[in-house]
Amino acid sequence: MAALILGILSIITIIFTGVGIILGVIGLILGIIGFNEIKRFGQEGRKMAITGIICSCIGILITIVFVVISVLLFMSV
């Protein structure tokens, strides 16, 4: 559940570069830990863990793309 919430927040806060990537990394770590626990103990919530991992990855990737684009735009000025 925490991975899903942090993944969504990382996508929402991509404008604030530092916050978006930090939330994305924490969400990714929690999602992977949760997914491994679900596999090990056969619990429910696999879809939620996968969704949290995907949202966290999207948040991280969009933040990195924004940083690269801003650096390229800054260097061209």
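**View 1. Overall dimensions of the protein chain.** The radius of gyration of the protein chain is 14 Å, whereas a compact globule of 77 residues would have one near 11 Å (taken over C-alpha atoms; the globule rule is 2.2 Å times the number of residues to the power 0.38). The model is predicted: local features need pLDDT of at least 70 and side-chain atom pairs pLDDT 80 or more, while totals for chains, interfaces and linings use all residues. Residues are numbered from 1 along each chain as its sequence is written, and side-chain values use heavy atoms, without hydrogens and water. The C-alpha trace spans about 55 × 15 × 15 Å along its principal axes.

**View 2. Helix α3, residues 46–76****.** Buried residues of α3 include A49, G52, I53 and C55 (buried is under 20% relative accessible area, exposed over 50%, partly exposed in between; 1.4 Å probe, protein chains only).

**View 3. Salt bridge between E37 and R40****.** The two side chains meet at 3.6 Å, N to O (a side-chain nitrogen of Lys or Arg within 4 Å of a carboxyl oxygen of Asp or Glu). E37 and R40 are three residues apart in helix α2 and so separated by about one helical turn. E37 is partly exposed at 29% relative accessibility, and R40 is exposed at 57%.

Note on methods:
Helices (H or I, at least four residues) and strands (E, at least two) are DSSP runs, numbered from the N terminus. The expected span of a helix is 1.5 Å times one less than its number of residues.
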